[in-house]
Structure formats: C-alpha cells, structure tokens
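Visitor: I'd like to go through this one with you and ask how you know what you say. Could you put it up first?

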Amino acid sequence: MRKLNLTHTIITISILTSLLLSGCGNTTISDDKTFPVISNYGTSQIESNFKEPSTTPIEYWEDIQPEQVPITSDPTVPAFEEYDIHLMALGDNLIHMGVVHTGKQADGTRNYDFLFDSISDFLQKADIKIINQETPLAGNELGFSGFPHFNSPTEIGDAIVAANFNVVLHASNHSADQGYGGIDSCVSYWNTHQDILMTGIHMPSDTQDIPLLTIKDKTFAILNYTYGPNYATVPVEISDRLNILCNINPDTRQLDYTTLNPQVLEDIQAADELADIVIVCPHWGTEYSTNPSSYQKKWAMQMTEAGADLIIGTHPHVVQPIEQLVAENGNTSLCYYSLGNYVSTQQRAECMLEGMAWVCFHVTKDDISISYDNTGVIPLVCHYTPRPVRIQDIYLLEDYTEELAASHGIITYGNIPFSLSDLTTLSDEVLGNWVMSANEVFYD
C-alpha cells in the first residue's frame, strides 16, 4: 500500500494555487465539468491557512475510518413492553360424601360455588388456573359415592366452570372408579365446556394431540398422568382412556411402579417443540408422606431433561417440598412434588394443610421464563364442621386462628389433636422459603 507524503501534498497545492493566480479563470476538462473560480484568494491568504504538518504520519488509507453514525430505532415502531403471565394451581378436589352433602340446597338442587369463594381474588388475578379434579364426574344417574369408589355430582364441574378455571386435571387413581363408562361420561361432560382445557382422560377414539393453552400470545403445553387406577391389572379399555405414568407390561397388563412410561417422555419432547412452556402434572408419590419418594425425584429429573419447565404433583394428600431442578443436559425446571388436597374431609391433621402454587412467567421480546422472585406457594387450610361433617371454608393459613383450629371437625371426627401452631410448623418445615403471602401475590 502506497504511503502518503504530506510534504508532496503541500507542494502540489502551492503549484496549483500559483497557476490559478497567474490568470486562469474557469478550467474546463474534457467532460465539460467546470471547477469553480478561486482567483479571488490571494497567495498570502492561502499560505496563512497552512499549519505545520502532524508529527504522526497517516500510514495507510485503510487506517482512515469513516465516522460511525449511531443506529436509532424506528420511532414509528413501539418498543416491546415486557409483561407477566400468572399461574395458580390447586391440589386434589377430593369429594367425600361430607362435601357432597354440603352442597345440597333446600330445594333439593346442588351448588358448590362456595368451594372457591375464598380464593376468588387469586382466580381473578391468575391467567392460568389449574385444579386437580381427583374424583370422576361419571354421571348423576349413577348416584353419588365417596371412598373407595367415588362418583361426584356434575355440579362440582359446574362450580369449577363458574369459578373460571381454564385447566382441569382428571388423571388420578380414582379416574376409573366407575369403570371406563364412567370415564366416557366424564369426558362427555367436559366436552360441553370447550373453553376449558381438560386433560388426563379422553375417549379412545380421540386423536392424542398435545394439550395446548394459549395465553397472551404464549403457548403452554399441559400434560397430566396418573401412576395408575386402583386396579391390580390395567385393562386395555382403561389405558386407552387414561394417561398412565408408570410402565405397563403388555403381556400381563401389570404396572411397573418403578419405571416411567416411555410415552411420557415422548410427549414432553413433542410438547417442547410446540409450546413455549411445558407443564407436567403427575399424580404420584406415597400417600401421607411429606417427603417425595426416590421415584418422584428420579422421574422429575427425567421429565426435566426431556423438556419440562414446570412440574406440579398431586396424590399424597399432603404438601411436599418445592425444588429447582437442573438435569445433566442443562435443562431446568421448578418442581412442586405435591400440593396436597384442596378440599376433603380426611381425618389426618396434616391433610388439612394445603398448597396453592403461584408461578409468575416473565415475558421479554425474545424469551419467557419463571420469575422466581414472584413465585412460590400460598398455604391453605381446609376447615370442616363436626356432626354432621360439612365443609365450612378454605382459609389462607395466614388468616387462620387458634380459635378456628379449636372448632375444627377433625378433632372429634378424627379423634386427633389439631392446632394452628402445628399447621404453621408443618408449613415451615415442608414449604420453607417458598411460602408467599397474599400481599406478595397482589402487590408484586
């Protein structure tokens, strides 16, 4: 590359100036373009404009960089406004006969809207509202029954609809309590409410697409499975209608409770291709144990590795811990091992402490992720009266009192001690720092 010589440049300019001052006016070149006259500048004026050359040479032309003009955004295109999507989830809606009787009205009709009155503010704030409907709505014509072979009034479903839930989980160990005909009746009921995503059970003829829910332009896949029905072996008629979490021996139709059904991981991987967020809701674990089993932990990690972003467990009837998981492939998830019940008339004190999951997803222009500062669990207390056993209300633990605890029907119905201090201790031990107050939810 040729170097510039500043001395030569100055001499050249001097010669051109002398020529122009000697009488040249317009200088015309062959393509008829004319340079402007500069003869009105005197020699002394031109010389006075020269400065001493820089002692720092300009080495190469390519060293001279053009001025960088900052790129500004188009003012006509509005900037992306980040926003949040809130999810709430409830545990087992376990309809014992005491709950059934509570909803019976003086005129003989049934209404269960009261079950959700105390959490109406949370339902109004949340965008995704999930409830685990533990017991089947197999048809009122079959009559109503509690444990061990449940059948719950369809008016329970009506109350869920009226409360504006938009996701109902139906895969539980009680899904087939009324046989495969009961599953079909339950599916038919929810088919009359197309604005609600019901998952976990289906007609055998239904195409098994990944259940998807779109909220504020973001897509959520919501998968629901149960470890199995309350059957020694699982007939094809049941497995064709119920999403099974455990592997089934195709020859004996027996469940392998130690092995995850490969279909679960295939579904999660497929969902990960379709959705922004993958939520898996397994009905699993050991009843009445506040610690997750080794299989829960193992399967949660497998689900995370396959692409699950959020895992919300049910079935143990008690709350279990919440953990952030990191799989070997780097995938992460948040796992609620068990939310416990939402409503029941069980006779164990620990079953009266319940969890309402609250998850905040933060959306940016290029991403959606869990905002952990605004995510956790709100502890609840199911309160029923004695003689007769009837549901009184569902309370926030922070609003519950020792006076209420002293009047709980479980004291006589279960013949056990019951106190607010015991509930608070259990909440602290199991849920720990994940506990949120109502104020944290509504003023985040």
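Visitor: What covers the buried residues of helix 6?

Guide: Keep in mind that this is a predicted model. The cover over those residues includes helix 5 (154-162), strand 3 (167-169), strand 4 and helix 7 (236-239). The buried residues themselves are Gly179, Gly182, Ile183, Asp184, Cys186, Val187, Tyr189 and Trp190.

Visitor: How do you know that the span of helix 6 agrees with its 13 residues?

Guide: At 1.5 Å a residue, helix 6 should span 18 Å. Its end C-alpha atoms are 19 Å apart, so the two values agree.

Visitor: What makes strand 6 mostly covered?

Guide: The cut-off for buried is under 20% relative accessible area, and nine of the nine residues in strand 6 are buried. That holds whichever way they point: Lys218, Phe220, Ile222, Asn224 and Thr226 go one way, while Thr219, Ala221, Leu223 and Tyr225 go the other.

Visitor: Let's turn to open space. Which residues are closest to the centre of the largest pocket?

Guide: The pocket holds about 830 Å³ of space. Of the 37 residues lining it, Ile201, His202, Gln208, Asp209 and Asn243 are the closest to its centre. Elements giving two or more residues to that lining include helix 6, strand 5 and strand 6. By class, the lining divides into 17 nonpolar, 14 polar and six charged residues.

Visitor: How does the lining of the second largest pocket divide by class, and what gives the most to it?

Guide: That pocket has a volume of about 400 Å³. Its lining has seven nonpolar, 11 polar and four charged residues. Helix 3 (residues 97-102) gives the most, with three residues. Closest to the centre are His96, Phe147, Thr345, Gln346 and Gln347.

Visitor: What kind of peptide bond joins Phe147 and Pro148?

Guide: A cis one, with omega at about 5 degrees. Pro148 sits in the loop between strand 2 (128-132) and helix 5. Arg387 and Pro388 are also joined by a cis peptide bond, with omega at about 0 degrees.

Visitor: Why is Tyr288 called partly exposed?

Guide: Its relative accessible area is 28%. Buried needs under 20% and exposed needs over 50%, so at 28% Tyr288 falls in between and counts as partly exposed. Tyr288 lies in the loop between strand 9 and helix 9 (294-306), and has a positive phi of about 70 degrees although it is not a glycine.

Visitor: And why does His317 count as buried?

Guide: With 3% relative accessibility against a cut-off of under 20%, His317 counts as buried. This residue also has a positive phi, about 70 degrees, although it is not a glycine. You'll find His317 in the loop between strand 10 (310-312) and strand 11 (322-326).

Key. Residues are numbered from 1 along each chain as its sequence is written. This is a predicted model: local features need pLDDT of at least 70, side-chain atom pairs count only at pLDDT 80 or more; totals for chains, interfaces and linings use all residues. Side-chain values use heavy atoms; hydrogens and water are left out. On a 1 Å grid over the protein atoms alone, a cavity is a set of points where a 1.4 Å probe fits but cannot get out, and a pocket is an open set with protein on both sides within 12 Å along at least five of seven lines; lining residues have an atom within 4 Å of a point. Grid points are joined across faces, edges and corners, and a volume is the space filled by probe spheres set on the points. Helices (H or I, at least four residues) and strands (E, at least two) are DSSP runs, numbered from the N terminus. Ala, Val, Leu, Ile, Met, Phe, Trp, Tyr, Cys and Pro count as nonpolar, Asp, Glu, Lys and Arg as charged, and the others, Gly among them, as polar. Buried means under 20% relative accessible area, exposed over 50%, partly exposed in between (1.4 Å probe, protein chains only). The expected span of a helix is 1.5 Å times one less than its number of residues. Contact means heavy atoms within 4.5 Å.
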